[in-house]
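Me: I am new to this structure. Please show me how to read its features, one at a time.

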Amino acid sequence: MLVAQISDIHASPDSPSLLAFERAIDWLKAFRPDALVLTGDLVDDGWQRGYRQIAESLQALDFPTYLLPGNGDDQSVMRAELAEVGKWAGTSGSMHFQAALNDATLVGVDVTVAGQSHGDIRPHLSWLKSRLADVATPFLLFMHQPPFGIGIEVLDQVGCRNADALLELLNAGGRPPLGILCGHVHRPVSSRVGLIALQTCGSLCPPNPLLLRDQADLAVLDASSFLVHEVRNDRLLSHVVSMQTLARA
Ligand SMILES: [Fe+2]
């Protein structure tokens, strides 16, 4: 089973991010995954036309799409413009999703906190616990802010809080997710806690610099990217698909 993940488009009228998104979508039309998950920060400043264009691109796909908001999204505009393709668990409130596919279940938790850059899983643990009770297949857990540090302090300060409570819940049933798959940090980063793979997705907007230790003045060489996850024999394989840098529109 193949699940594509796109994150952090941050589309705005004066950036090439929407063009990058359309190129990624064209590639995915040929690649034909079983599903596509967008892990938030679709547009900047509630740009309504950007949401509408993303919705039109997603409506043209012949595989299902599942969407989480990021801290940069305007949830009411996003809900309105992407209602046809969002597949959220409820018609108001947090924009969670759950999808049972052939070989795996996808669970998306909206961990955003209104008006804040960081996320918080604690208000959503009871929803997640109730959903996981129904899951009979391996599952992938998606959220916008990662509940684990990536070693870049400025980004770790705005991660998802209360990760310990999340891990306690996930490990309690003896069937943790194959992976926790996030966005937000604009870089692909891989790690692991116990049996759970931890992975962030690169961004379609320009990547963040690799600010480890005090290397603040290093140039960014990284390309925009997205992920293709494969669930094979109860294992998760995550491939980075890099995109050539696009000229500013
Ligand atoms: Fe974000």
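Me: Where is R79 found?

Reply: Start with the naming of elements. Helices (H or I, at least four residues) and strands (E, at least two) are DSSP runs, numbered from the N terminus. R79 is found in helix α3. Two notes on the source: residues are numbered from 1 along each chain as its sequence is written, and side-chain values use heavy atoms, with hydrogens and water left out. This is a predicted model, where local features need pLDDT of at least 70 and side-chain atom pairs count only at pLDDT 80 or more, while totals for chains, interfaces and linings use all residues.

Me: Is R79 buried or exposed, and how far away is the nearest side chain of opposite charge?

Reply: Burial first. Buried means under 20% relative accessible area, exposed over 50%, and partly exposed in between (1.4 Å probe, protein chains only). For charge, Lys and Arg count as positive and Asp and Glu as negative; His and the chain ends are not counted. A salt bridge is a side-chain nitrogen of Lys or Arg within 4 Å of a carboxyl oxygen of Asp or Glu. R79 is buried yet has no salt bridge. The nearest side chain of opposite charge is D110, 6.8 Å away.

Me: Which backbone oxygen does the side chain of R79 reach?

Reply: Look for a polar contact. That is a pair of N or O atoms within 3.5 Å; within protein, one must be able to donate a hydrogen and the other to accept it, and residues adjacent in sequence count only if both atoms are side-chain atoms. The R79 side chain reaches the backbone oxygen of G93 at 3.1 Å. Setting aside residues up to four places away in sequence, R79 touches W88, G90, T91, S92, G93, S94 and M95.

Me: How many salt bridges does the rule give?

Reply: The count comes to six. One of them joins R32 and D62, with the closest N and O atoms 3.0 Å apart. This pair links distant parts of the chain, 30 residues apart: R32 is in the loop between α1 (17-31) and β2 (35-39), and D62 in the loop between α2 (48-59) and β3. Both R32 and D62 are exposed.

Me: What is the N to O distance between R52 and E81?

Reply: Their side chains meet in a salt bridge at 3.3 Å, N to O. R52 lies in helix α2 and E81 in helix α3, so the pair ties together parts that are 29 residues apart in sequence. R52 is partly exposed at 37% relative accessibility. E81 is buried at 17%.

Me: What about D134 and R131?

Reply: Their side chains also form a salt bridge, at 3.6 Å from N to O. D134 is exposed, with a relative accessible area of 54%. R131 is partly exposed at 26%.

Me: Which residues coordinate the iron ion?

Reply: Look for donors. They are N, O and S atoms within 2.8 Å of the metal (3.2 Å for Na, K and Ca); water is not among the atoms, so sites may look incomplete. Here the iron ion is coordinated by D41 (OD), N71 (OD1), H144 (NE2) and H184 (ND1), at 2.1 to 2.2 Å. N71 lies in the loop between β3 (65-68) and α3 (75-81), and H184 in the loop between β9 (179-182) and β10 (189-193), so the pair ties together parts that are 113 residues apart in sequence. N71 is partly exposed, at 27% relative accessible area. H184 is buried, at 8%.

Me: Why is the arrangement irregular?

Reply: Angles decide. Four donors count as tetrahedral if all angles lie between 85 and 135 degrees; four count as square planar and six as octahedral if opposite donors are over 155 degrees apart and all others between 65 and 115; anything else is irregular. Around the iron ion, the four donor atoms subtend angles of 89 to 168 degrees, which makes the arrangement irregular.

Me: Where is D41, and what is its phi?

Reply: D41 sits in the loop between β2 and α2. Its phi is positive, about 55 degrees, although D41 is not a glycine. D41 is buried at 2% relative accessibility.

Notes:
Contact = heavy atoms within 4.5 Å.
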